[in-house]
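User: I am new to this structure and would like to understand the words used for it. Please show it to me, and then I will ask about them.

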Amino acid sequence: MTPRTIVITGASDGIGAAAARTLAKDGEQVVVVGRSAEKTRALATELGADHHVADFADLAQVRDLAEKLKSNYPRIDVLANNAGGMMGKRALTVDGNELTFQVNHLAPFLLTSLLMDTLAASQAKIINTASHANFHGKLDLSDLNAEHSYRTYRAYGTGKLANILFTSELHRRFHEQGITTAAFHPGVVRTNFAADSTSPFRHAYKTLLNRFMLSPDQGADTMLWLINGTAGSVWISGAYYAKRALAKANPQAYDAELARGLWEKSEELVAALV
């Protein structure tokens, strides 16, 4: 069989790196995307894979990434939007957006939008890494940059809720063109999550609590199941999963009008770069 071209963002560490190792071992053409040039290059060298570096806090870098991917890979079978994180105190990016919202939602939204012609022509799968933290989010279309209601974990939860809404709207808009998509919760994984933030949650990943967390390989399991399974028979396009099963999400995640509104607002926020 011809190897699939699988692009994984946030792949220099954690579940992204674990998934990349498994897929490369299985003979797939894995394209590793990460923020850290050193870590991303090291993993790519280990796997004999291509790699690209982009910081999702700068949408110009996301645009450059999309151009390189379109130029280098005329076919992309899977796009795994895995990059994200918890940031700590409220901060704005160079693009003027709240950092947590941009890194977790706007950047993957922009990347996916810019690659859509290639993805649709490839009948691609788009897999979005969400989180159970979506239950702690609250999406307000009039305050996407959290000017009036910022709290660290709530901002992260809102970003993960946005991932699920993005998934359902992706399905609605592009399923007829052959796109299949799903969001998933990887579990609480023993990684460097939040390590570079000012969030107090970063300490939990450095204490004895981490012995009760999943390994990166365990956290990558549902991602790999979605990548390797067939939508329509193994899993349902547009849905949210955990532990290889349909999972409940924040009630807002099922609001079709909210999903449509988020898409339209996101288009406005990245309009200068699309």
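User: Is Gln123 buried, exposed or partly exposed, and what makes it so?

Analyst: Gln123 has a relative accessible area of 49%. Buried means under 20%, exposed means over 50%, and partly exposed is what lies in between, using a 1.4 Å probe and protein chains only. So Gln123, at 49%, is partly exposed. A word on the source: this is a predicted model, where local features need pLDDT of at least 70, side-chain atom pairs count only at pLDDT 80 or more, and totals for chains, interfaces and linings use all residues. Residues are numbered from 1 along each chain as its sequence is written, and side-chain values use heavy atoms, with hydrogens and water left out.

User: Where does Gln123 lie, and what is said of its phi?

Analyst: Gln123 lies in the loop between helix 4 and strand 5. Its phi is near 55 degrees, a positive value in a residue other than glycine. Most residues other than glycine have a negative phi. Lys243 also has a positive phi, near 50 degrees, and is found in the loop between strand 7 (239-242) and strand 8 (245-246). With 79% relative accessibility, Lys243 counts as exposed.

User: How many helices and strands does the protein have, and how do you know?

Analyst: There are 8 helices and 8 strands. Both are DSSP runs, numbered from the N terminus: helices are H or I with at least four residues, strands are E with at least two. Across the 274 residues of the protein, 54% count as buried.

User: Which residues does Asn81 touch?

Analyst: Leaving out residues up to four places away in sequence, Asn81 touches several residues, among them Thr9, Pro108, Leu111, Ile126 and Phe166. Contact here means heavy atoms within 4.5 Å. Val7 is 74 residues from Asn81 in sequence, and their C-alpha atoms are 8.4 Å apart in space. In the protein, among contacts between residues at least 6 apart in sequence, 72% join residues at least 24 apart.

User: What makes the pair of Tyr153 and Tyr156 tilted?

Analyst: The search of the whole structure finds 6 aromatic pairs. Tyr153 and Tyr156 form one that is 6.3 Å centre to centre, with 35 degrees between the planes. Rings of Phe, Tyr and Trp (its six-membered ring) pair if their centres lie within 6.5 Å; planes under 30 degrees apart count as stacked, over 60 as edge-to-face and the rest as tilted. Therefore 6.3 Å makes Tyr153 and Tyr156 a pair, and 35 degrees makes it tilted.

User: Where do Tyr153 and Tyr156 lie?

Analyst: They both lie in helix 5 (residues 152-174), 3 residues apart, about one turn of the helix. Tyr153 is partly exposed at 26% relative accessible area, while Tyr156, at 9% relative accessibility, counts as buried.

User: Which residues form one aromatic cluster?

Analyst: Phe109, Phe166, Phe174 and Trp263 do.

User: What of Ile164: where does it lie, and is it buried or exposed?

Analyst: Ile164 lies in helix 5, and its 6% relative accessibility is why it counts as buried. Not counting residues up to four places away in sequence, Ile164 touches Ala130, Asn134, Ala183, Tyr240, Ala249 and Ala253. Ile164 and Ala182 are 18 residues apart along the chain, and 8.1 Å separates their C-alpha atoms.
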